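Subject: Structure handover

Hello,

Here is the structure we discussed. Please look it over, then read my notes below.

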Amino acid sequence: MTATYFRPVIAISLRYFYLLRGTPARWIPVFAWVAIDIVLWGFISKYLNSVGASSLNFVPTLLGAVLLFDFFTRVMHGVAGVFLEDVWSRNFLNLFASPLTIPQFLLGLVVTSTVTSLIGLMVMLVLATALFGLSFFVYGLMLVPFLLILFLFGVSLGICTCAMVLRLGPSAEWLVWPVPAVISPFAGVFYPISILPHWMQFVGKLLPVSYVFEGLRKIISGGTVPAASLILGGGLAVTYVLLACWLFKRVFRHAVRTGILARYSAESLS
Amino acid sequence: MPMDLPEAILSVRDLRKAYGDKIAVDRISFEVSRGQIVGLLGPNGAGKTTTISMILGVLQPDSGSIRVDGMDLATGRAQALGRTNFAAVYAPLPGNLTVQQNLRVFGLLYGVEELSERINTLIGQFDLEKFRNMKCGVLSSGEQTRVALAKAMINQPGLLLLDEPTASLDPVAAREIRARIRQFAVSGEGGVLWTTHNMVEVQDVCDRVLFLSHGKIMLEGDPKTLPEEHGQPTLEDLFVAVAREPLTQE
């Protein structure tokens, strides 16, 4: 793999950074919503600490969970958002009539989302630490695999939603944004998944992020995270990334075969 | 049909595409040579854009083959598309990027060496200096066409596909664009496949035309002599006659 291989990858990222540089409003999804979440949940956590009889500190439990879930959301929306920019500017024909390959395109989406998500994460860390005293040392080194699992699952869902928009047409973008909200009840962001009905627990165990939030609560309660649980979460996340890439490639081939790609500017496709 | 022209930059063989029962392109074969401008003419729905979409790799043919500069599009997509570029009215460049930003992004996509120098050359050639830092979306249609053509030339393509490139231009701007494309072909850099409904333009720039109707090539030849060869006063009359012929036969 030579430096030439990465030029189209850089092109995909550069295009988005040009847009960020030229349009301040595009910075809002990068950090403003996550900042609002941190402030909101920070005060909720403080309030619960002040009224609760429990010795449980809600700041690392609730606020930490919100921060990690927002990071996952940012990654997923980041991948889908870069893709949607090309939907909105009807740029698919220009993009896919170029030598750009699907792996290069997907890598471009992921690289761009990584940068914007890390910016969002930094903003959240600063706010959570400065305003609400959230210390990430409390999670120890486990924070690294936690973030990695969240990142990989965010990437996989982001690519899946891109495939969905490519298959169903531009109007399907409205199905992209609520995906993290749909996942959150099953992922046990704020509660152990053991309190869920059996069918929801089953779904939760298929979600890599649920292992992160279970692990987070274990650490806060003084326990240790079982290595098997992290390996399972990481393994699921890697599997989903591979499946998502396979799905996108399959949908792309279908779009090329049926003419969807050539006629993509239509509002909806059947 | 002249199938063995020297230095074919584009070679299309038995290309077919159907959408369900409707056959959009019906086993067409043609070639475009280096230094040649070939006009692809036909009424709406004749299969011109379907043909161009297949050559651009965004639509998969049901059968047949496409070779660009000797590279098979089906097996060497990235290599073949790296030697191709296009401009079409229905594929505007992102309006939220400036002229220079668009050229840089597409230059990277096409893996252009010494990109900054290439961008400066194209900005000079297409008289875009004063629009360099303006967003493409605020440019007039004529200016946008010039930017689209600059993008189409960014990788010094062997094959240039132009789908009605002068459709939205005034006569002066259209003449300038025709002269530039003619210059590109004459320089021997590559060949051009050009679709348009403007018959005057076709006679002015095309070395050869292909009349496409109902997905088939009905006629081909020199646009300056074709009308007389087929007993029609003008190319436009020939166009109308060819476009109607299959319908009256059915």
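Glu236(B) is found in helix 9 of chain B, which covers residues 235-249. Helices here are DSSP runs of H or I with at least four residues, strands are runs of E with at least two, and both are numbered from the N terminus. Glu236(B) is exposed, with a relative accessible area of 52%. Exposed means over 50% relative accessible area, buried means under 20%, and partly exposed lies in between, with a 1.4 Å probe and protein chains only. Val200(B) is 36 residues away from Glu236(B) in sequence, yet their C-alpha atoms are 8.6 Å apart in space.

A word on the basis. This is a predicted model, in which local features need pLDDT of at least 70, side-chain atom pairs count only at pLDDT 80 or more, and totals for chains, interfaces and linings use all residues. Residues are numbered from 1 along each chain as its sequence is written, chains are lettered from A and ligands numbered from 1 in the order in which they are written, and side-chain values use heavy atoms, without hydrogens and water.

Chain B

Chain B has nine helices and ten strands. Its radius of gyration is 18 Å, which agrees with the value near 18 Å for a compact globule of 250 residues. That radius is taken over C-alpha atoms, and the globule rule is 2.2 Å times the number of residues to the power 0.38. The C-alpha atoms fill a box of roughly 55 × 40 × 35 Å along the principal axes. Of the 250 residues, 55% are buried. The accessible surface comes to about 10400 Å², and carbon and sulfur atoms hold 48% of it. Areas come from the Shrake-Rupley method with a 1.4 Å probe; for residues, only the protein chains shown count as cover. Chain B carries 25 positive and 31 negative charges, and their mean positions are 5 Å apart. Lys and Arg count as positive, Asp and Glu as negative; His and the chain ends are not counted. Each charge is placed at NZ of Lys, CZ of Arg, CG of Asp or CD of Glu.

Chain A

Chain A has ten helices and zero strands. The C-alpha trace spans about 60 × 40 × 40 Å along its principal axes. Buried residues make up 53% of its 270 residues. Chain A exposes about 11900 Å², with 74% supplied by carbon and sulfur atoms. It has 16 positive and 7 negative side chains, and the centres of the two sets lie 10 Å apart.

Helix 5 of chain A runs over residues 102-132. Its 31 residues reach 43 Å from first C-alpha to last, close to the 45 Å expected at 1.5 Å a residue. The expected span is 1.5 Å times one less than the number of residues. Gly133(A) follows helix 5, with a positive phi near 70°.

How many of the 13 residues of helix 9 of chain A are buried? Ten are, so this helix is largely enclosed by the rest of the structure. Among them are Tyr211(A), Phe213(A) and Arg217(A). The buried residues pack against helices 3, 6, 7, 8 and 10 of chain A. Contact means heavy atoms within 4.5 Å. Just after helix 9 of chain A, Gly222(A) takes a positive phi of about 95°.

Best wishes
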